[in-house]
Amino acid sequence: MILRFEITNGSRSPALAESVELGDDGTISGWRTVSPAGVGWFAGRLPEAELAEVRALAGAVRTAPAPSLARPGASTETLDLDATGPYSIAGSRDGLAVAARWLVQRLTDFPRAAVTVTHPSPEVARLEHRGTEPLRLDLTSVAVSAAVWRGYYEPAGTWSGVIGGPGEMEAGPGWTLDLPLEIDAPADPGITVHLAVDFAIRHGGSSMPVEARYEPDIEAPE
Amino acid sequence: MTAPEGPIPGQRIVKPADAPDTNVPGPLRLPAAGNAAIARLLQSAPSPAALGDLMQLAGNSLLARIALPSAPAGGAPPAPAGLAGGATGSEIADLQMKLSRLQASAAPLTEDGKFGPLTEAAVRTFQGSNGLEVTGQPDAATRTAVDTAFAALSPPVRVQVALGSTGLDVGFAQQKLNAAGATPRLAINGVFDNTMLGAVIAYEIVAVHRFPQGIVDATVWAALDAGTQGGFVADEGASNTPIEQLTPSGTANALGVQVAGTSLHPVTGVGGLTSGPAVHELQQKLNTAGATPPLKDDGSFGPKTRAALQAFQNGKVPVTGTADAATWAALDAAAPATTTGSISRTWDEVVGGATYGLTSNYSWEIQKTRMVVTAKVNFVGLAPPAAWFGHVPAKWNQFQGVDPATGRTMPIDFQMTRGGGGDSNTVEVKRGNDRANAGEWYLGDTDAANTIPHEYGHLIGLQDEYQLHPADYVRVTGHEPPVGDAGGPATPPATIATGIQAAMVARSGVAAKAATVGAGLKPGAYAQRVVAEYALLAPVNLAAVAEVPGPPKITGLPAFTTTGEVLSDLDNALRDDLPRYDTIQVLSYSSGSIMGDQSRVKDPHDHGAQPRHLAQFMTILGQALGGTWEARRR
């Protein structure tokens, strides 16, 4: 193992519980609970160039640095290296901390059993399976919320609703589920809609609440 | 429930970003009429017609979340004279409190000092039921009538309590004994035990001047009530909503605890700041200390400033030509007063049993007619939206310094500017809508109007006001912890405490929440009995828990030995999840202010920015201008 990194925060709902592990051979795997690029299980292999960069950063660490206090309200960020064991990097902006956070984002490029949300039409939020393996979903109650922005993140309205879903089910490759939206955002190029869909992923006897997000970029003004 | 008030019906429920994101109203489906209203809002700024739609749909929680255009920079102005009878914000806040207690308002009014439609409606109701002309304006006659009616309200009914008594009244007596200086402080647990007996006896001797009887009877209550206001539950609004009245205790210090050995001054000069407010402050102090020739107060650290600094240092501190902590201490002693200053405050806080910390960089300038407080932010990552810069004055520019002895006033304006350098704060701007903290803000935050002012509070040195230990709550808010729920559920405190420890052994936040919240435990006196019972339990060694590979992976936990301090034990023993957070919440204290937990704590009396949040600047005004200043709503 080169590193293992976790971000947790139980003060939000659903709780943040992101993890990524990078193996010596470049295998990258982990779990996302709140993400615009899909929630669920991700696994793949990091290209050699990227792997070498992270390996060099991790290899340069011999002992865990003195812990720094997390900023008020910050999530718990724990980095685990073979040489150090787990230690907090909350508030750190050093190269390895930045790389670890980047790996959490990079992870979503390797979906194994995940679900993402898209916005194919103004009236629809669509859940889509990503990856090669199925996963069980609890869609008994699906909470959908939308934030409407004008220009560069100028608030223009919010909407939320709870939709009675199809219950517990298995989602595999090709699976989609359309969720109705009732928001009349005008078809204006200056308007951007962001979505968040809350449901749960089942594993064994437990349920893990997750939030799939749809967040197209908004260009900053010049 | 309280009714937040603003210029438009349906003001949003507010929360700080780094406060819990739970307890949101149940999502609802938006009816078609609401969609039409939204569509009209989306076209442009809200038109009167669109607002009319909203008015008709008042009460629809979805519409309540429709965002309105940002308040103009400069913040909330005083209420127009024609609308609020020329009253200041403080007078309006006082009026709101009294109208609520007189049950002239439909629901308890939020004491925000803003004369909105709910306050106006309450004024109309009061006028109508008291034979006054119904204008909706708090003219002099109306205010006099309100004051008279308020003064005529029945005092709280006090019950005699003695050793062995339990309940709300015991809790209120404990609050007032603490406010009177009980040593050691009494836990607000609603139990008249031997510790409280000692405090009562001491109070009887010192304050009541009688042979001690060890009881809080009518005489002792009268003295306690005369000494400290609050400490009872009053029905507010026509809704008869029971609201616990706050009990002031000591002087609030809302700042994070300064880390020992740190200076409030940034290093200035070679190797530190060489321009800006810190240099202005240095030059002013050097001039006051006798710099010859006097320095030009230009905020630029050049050879003349360095030479004057070295001259000052000579014989007092090592002559370095740089203003370090020791030099600043000498300068502060020689020349405490300046009109400009720069602060670099390194502080920490304990929230939810965990310790957090920050260095806040900010500056202030006393101008002819106002004081300006600036937090400069070095935004990294993505560009911050323009609206964020308006959120700060909208929430914070509501106060002025007042020197009652002279009648002098000085509005305090807060601003957030963009810039780098050693006197800036670094904030990373990120995509999405996650939980913000003092160093990470999110573009997709739909509650940025509250999030940014909360985080700004951290940038001027203020700590969080949620999930606090009792002593921290008192220090930060200047109020005794509320008695809250004194009766508790049927489960004895010791049983709940044992259940909490068992949940830690099981490493289960779900079990901890079941043992507390699930058992009916609510914040307040009974929960503090649980805290005390937990402290009596023998420590247990919790073995390390291996991770479950998953998917989903369930993280492992390191070995841990409990300490008896329940908040930190929960923080250390359990995974960082929502059940753990909910468990800590019920065993701790949170305020409803801008630095508190507004999504969970609704407190019409402690809402938004409060005078305590400006106390440091009142001290500065006193140093610079003389007198004793206090923050009041404009």
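Which strand of chain A pairs with strand β1 (residues 3-9), and in what sense? I looked this up and found that β1(A) pairs with strand β2 (residues 16-22) of chain A in the antiparallel sense over 7 bridges, where two strands pair if DSSP finds at least two bridges between them. Helices (H or I, at least four residues) and strands (E, at least two) are DSSP runs, numbered from the N terminus.

I note that this is a predicted model, in which local features need pLDDT of at least 70 and side-chain atom pairs count only at pLDDT 80 or more, while totals for chains, interfaces and linings use all residues. Residues are numbered from 1 along each chain as its sequence is written, chains are lettered from A and ligands numbered from 1 in the order in which they are written, and side-chain values use heavy atoms, with hydrogens and water left out.

**Sheet of chain A**

I traced an open sheet of 9 strands in the order β7-β6-β1-β2-β3-β5-β8-β9-β12, with antiparallel pairing. Its edge strands are β7 (85-88) and β12 (176-180), each of which pairs on one side only. On average, neighbouring strands are turned by 20° against each other, direction ignored. Helix α2 (residues 95-106) packs on this sheet and touches β1, β2, β3 (27-32), β6 (76-81) and β7 of chain A, contact being heavy atoms within 4.5 Å. The direction of α2(A) makes about 75° with that of β1(A); axes are lines fitted to C-alpha atoms, for helices over the stretch in contact, and angles run from 0 to 180 degrees between N-to-C directions.

**A:L51**

I then looked at A:L51 in helix α1 (residues 48-59) of chain A, which is buried at a relative accessible area of 1%; buried means under 20%, exposed over 50%, and partly exposed in between (1.4 Å probe, protein chains only). Leaving out residues up to four places away in sequence, the contacts of A:L51 include A:I2, A:L22 and A:L46.
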